[in-house]
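The sequence and the structure are shown first.

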Amino acid sequence: MNKNASPTRFHASWESIKQHQVPEWYEDAKFGIFIHWGIYSVPAFAPPTCQLGEIDIDEQWFCNNPYAEWYANSINVKKGPTYEHHLKTYGEDFAYNDFIPQWKAEKWQPKAWAELFAKAGAKYVVLTTKHHDGFCLFPSKYTDFNATLQGPKRDIMGELTDHIRGQGLKMGAYYSGIIDWTYSSAPIFTESQNFSNACPTYEYADYAYKQVIELIDRYKPEVLWNDIGWPLVGEHMLPHLFAHYYNTVQGGVVDDRWNKLWCDFTSKEYKHGVASRGKKWEMCRGMGLSFGYNQVEDESHLISVKDLISLLVETVADNGNLLLNIGPKADGTIPEEQVERLLALGAWLDINGEGIYKSRCSQQPTEKVGDVTYRYTNVGQDLYLYIDGLTKREAKLPLSVYGELHALNPELQFEVELGLQGRVLHIQNYQPDWYVLGFKIANEGK
């Protein structure tokens with residue numbers, strides 16, 4: 001089947017849905033921007049404890065939750081740093097929804113956002129249209145609890161979609177499928193309670209289904225990114241939902257958080273999840289330990305430019321896409337330290353992106369030589385080599401592949417020499433702000 005084309009029509013059966021293939025654009029894109037922005041951006045608080053996957057997802061995680069976007073639950077559990085901060089700063093009688101009038105987005109410039117994302121080298125954007133607090137960033141006919149009637153009083157999804165597509169990028173929609181604290185506000189202490197304490201009713205399952213259809217019909221998002229899971233009593237409707245989506249958005253993709261019933265790509269979040277070369281996957285993470293803006297985080301909690309570029313290369317070489325999150329402030333500005341990282345990544349991609357975009361997994365395995373890592377990608381018949389971990393201006397590194405090398409950075413000085421053990425790459429003027437060095441090995445093949 002041509003992966004650029006969809007069958008004439010999908011039908012509401014798993015047999016039909018499972019004929020869908022990952023479209024070329026998503027395979028080619030490699031880098032997207034995730035956006036967590038909402039009511040939680042006003043308190044903007046969470047303890048910067050650890051990365052998801054470093055500890056068990058139990059009470060220790062949820063009562064010390066580093067995700068600022070979980071603020072409502074973090075005060076609802078009534079213990080831990082966020083709850084103590086809330087009592088001290090706002091008082092016991094200050095409810096989560098009391099933050100809504102303070103979320104004004106008065107400095108928001110969606111055109112500038114879209115231009116920044118394009119300059120960063122992203123090829124798609126995914127916006128949290130409804131997070132677990134139930135507040136919708138689009139005008140929904142099924143609830144007044146949305147950003148066109150409260151808070152910013154703007155169609156955030158609509159405005160951003162127009163400008164993102166104006167930059168030639170794809171636009172996606174995140175939706176919190178199984179959790180909506182306006183329907184079930186029981187505090188969550190453990191991962192299993194994401195399902196057991198979530199919204200169990202047929203009423204909510206119908207609401208979630210209708211809202212996702214609403215998003216599909218109104219915005220035609222190229223990525224449909226559901227979070228955590230889907231209402232158990234609504235699972236039988238998923239073939240209908242997917243059929244409608246694929247028939248409406250040719251080239252659309254869905255993630256794997258639909259109770260493991262179907263996906264176009266699997267997901268990894270920080271250290272939680274698995275990367276597999278055998279199945280398309282996506283790494284999502286914040287620049288710090290939180291997705292929503294967290295005023296507590298400083299440089300010590302944020303991923304460095306060096307590590308960010310290494311993460312992108314590692315992800316792409318292993319058949320993944322990187323979905324890197326930004327957490328805007330309540331006024332609509334993006335924190336400068338996040339902007340700096342986006343621009344640095346974009347500058348690196350301007351030089352080294354030809355072996356990243358449109359690449360596929362190479363049969364050449366990742367190699368380690370001391371502290372230096374070699375990663376490979378293929379674009380057509382051309383092999384690309386990315387060398388990570390250099391620290392000195394000059395280095396001599398063994399080469400296990402043949403073919404003529406072309407440095408992607410025109411300022412790099414190097415020679416390929418013949419040594420007793422074979423070919424040696426002699427790098428002569430490495431600069432620390434070049435981070436990972438890219439090379440094209442012409443006609444080496446896979």
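In what follows, Ala, Val, Leu, Ile, Met, Phe, Trp, Tyr, Cys and Pro count as nonpolar, Asp, Glu, Lys and Arg as charged, and the others, Gly among them, as polar. The model is a predicted one.

Of its 18 lining residues, Ala 72, Ile 75, Asn 76, Ala 95 and Tyr 96 are the closest to its centre. Helix H4 (71-76) and helix H5 (81-89) each contribute at least two residues to this lining, and the largest share, four residues, belongs to H4.

The largest pocket has a volume of about 690 Å³. It is lined by 33 residues, with Glu 191, Ile 228, Arg 257, Glu 269 and His 272 nearest its centre. The lining comprises 15 nonpolar, ten polar and eight charged residues. Helix H3 (59-62), helix H8 (193-196), strand E4 (223-227) and strand E6 (266-269) each provide at least two residues, and E6 gives the largest share, four residues.

**Salt bridges**

The structure contains 18 salt bridges. Three of them are listed here.

| Pair | Closest N to O distance |
|---|---|
| Arg 341 and Glu 299 | 2.8 Å |

Because Glu 24 lies in helix H2 (residues 24-29) and Arg 360 in strand E9 (residues 360-361), the pair ties together parts that are 336 residues apart in sequence. Glu 24 is partly exposed, at 23% relative accessible area, and Arg 360 is also partly exposed, at 27%.

Arg 341 pairs with Glu 299, linking helix H12 (residues 336-352) to the loop between strand E7 (281-285) and helix H11 (305-317), 42 residues apart. Here Arg 341 is buried, at 5% relative accessibility, whereas Glu 299 is partly exposed, at 49%. Shared partners also join Glu 24, Asp 28 and Arg 360 into one network of salt bridges.

**Cysteines**

The whole structure has zero disulfides. The closest cysteine sulfur to that of Cys 63 belongs to Cys 50 and is 13 Å away, so it is too far for a bond. Cys 263 is likewise in no disulfide, the nearest cysteine sulfur, in Cys 284, being 14 Å away. Cys 63 is buried, with a relative accessible area of 6%, and Cys 263 is buried at 14%.

How values were computed:
Residues numbered from 1 in each chain as written. Predicted model: local features only at pLDDT ≥ 70, side-chain atom pairs only at ≥ 80, totals over all residues. Heavy atoms only, no water. 1 Å grid on protein atoms, 1.4 Å probe; cavity = no way out; pocket = protein on both sides within 12 Å on 5 of 7 lines; lining within 4 Å. Points joined across faces, edges and corners; volume = space filled by probe spheres on them. Disulfide = S-S within 2.5 Å. Buried < 20%, exposed > 50% of the residue type's maximum accessible area, 1.4 Å probe, protein only. Salt bridge = Lys/Arg side-chain N within 4 Å of Asp/Glu carboxyl O.
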